[in-house]
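Hello,

Here is the structure I said I would pass on. Please open it first, then read my notes below.

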Amino acid sequence: MMYRNLRIALPLAALLAAALTGCAPSVEKKTTAAPTADGAKKKIVVGFAQVGAESGWRTANTQSIRSEAEKRGIDLRFADAQQKQENQIKAIRTFIAQGVDVIMFSPVVEPGWEPVLQEAKKAGIPVILADRAVKVSDESLYVTFIGSDFVEEGRRAAEWMAKKMNGKAVIAELQGTPGSAPAIDRKRGFEEEMKKYPGMKIVISQTGDFTRAKGKEVMEAFLKSPEGAGINALYAHNDDMALGAIQAIEAAGKKPGTDITIVSVDGVKGAFEAMVVGKLNCTVECNPLLGPTLFDAAEAVAAGKTVPKRIVTKEGVYDQTQAKGLIADRKY
Ligand code: AHR
């Protein structure tokens, strides 16, 4: 079958390699990585339009992409969109004009990609979605989507919270960037799971844009709001916002991790440090180390092979009971 779902565990590169087949790609290619006349492998050119540098997760993701490209001798054209969709669209148009072999991007938001992806398709340049999904009516506009199952992450966060709070919680929610796949899906997954527990209620919810500074600012406002005094749980769509919120909770004279039980998503080192000192209760992992899998796919596509349409990263859930034992091995 040409496209199928695939759930992968690390080492991602090896498993993806095993899944790749030798069929024709769905997008007509402009160039291929076929050997040159002297037998040397052609150096592929990849354009990557990154979201920005909003979080520890994103920094680790960028690092993984850059170092993997370097290791493989790939000519990487990297653009930082500073969390703006229009910057990503501009970058993609530049990659098209440059005639790169493959375009990869991690979309800031889900909608609004159809025109630029049509342009890439017309130019015969395959597109790989990294980390986040897009909302398009025509799925042939991209060859594969490699990243986490954000809905599942939301479910796992709610499941952990329900267990910890015995099914009763007055919850504040810090959402990610409005319109982004992780914000939409993590909210959906959490709310779906929460339905099983009538004693769990989200009483206040706002975006903190995935940043530590906004997480702090919004949590301050939550605590000052009419609902503030009753909040005994926090669900943050990423660790950075939770770490900002911890500062706000302490400034308000409360004990994060005790007065307010906190679960967030990502599993960055800062979250493990906060768990070790008892200020964060749980982090649901979202793996940013996508470089090897992304470039396995890019090289395969550039060589005329097909890749699975969806590649899902395998991830865990970590709480305070595991944090001390795991922190030394945390890579990001
Ligand atoms: O798309 C992944 C999310 O984006 C991460 O959870 C968050 O930290 C980042 O900004």
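**Where the ligand lies**

Domain 1 (23-147 + 288-304) and domain 2 (150-286 + 320-329) both give residues to the shell around the ligand, so the ligand lies between these two domains. Keep in mind that this is a predicted model.

Next, the space itself. The ligand takes up the largest cavity.

Now look at the shell. The residues surrounding the ligand are E54, S55, W57, R58, D131, R132, F150, P182, R186, F210, N238 and D266. Six of the shell residues are charged, four are nonpolar and two are polar.

Then zoom in on the oxygen atoms of the ligand. Which distances did I find there?

- D266: an N or O atom of its side chain is 2.6 Å from a ligand oxygen.
- R58: an N or O atom in the side chain lies 3.0 Å from an oxygen atom of the ligand.
- S55: here the distance from a side-chain N or O atom to a ligand oxygen is 3.1 Å.

How much of the ligand's accessible area does the protein cover? On its own, the ligand has 280 Å² of accessible area, and the protein covers 100% of that.

Then go on to the side chains of D266, R58 and S55.

Best wishes

Conventions: Residues numbered from 1 in each chain as written. Predicted model: local features only at pLDDT ≥ 70, side-chain atom pairs only at ≥ 80, totals over all residues. Heavy atoms only, no water. Near = heavy atom within 4 Å. Polar contact = N/O pair within 3.5 Å; in protein donor to acceptor, adjacent residues only side chain to side chain. Areas by Shrake-Rupley, 256 points an atom, 1.4 Å probe, with all protein chains shown as cover. 1 Å grid on protein atoms, 1.4 Å probe; cavity = no way out; pocket = protein on both sides within 12 Å on 5 of 7 lines; lining within 4 Å. Sits in = over half its atoms within 2 Å of the grid points. Nonpolar A, V, L, I, M, F, W, Y, C, P; charged D, E, K, R; others polar. Domains from an automatic or database assignment.
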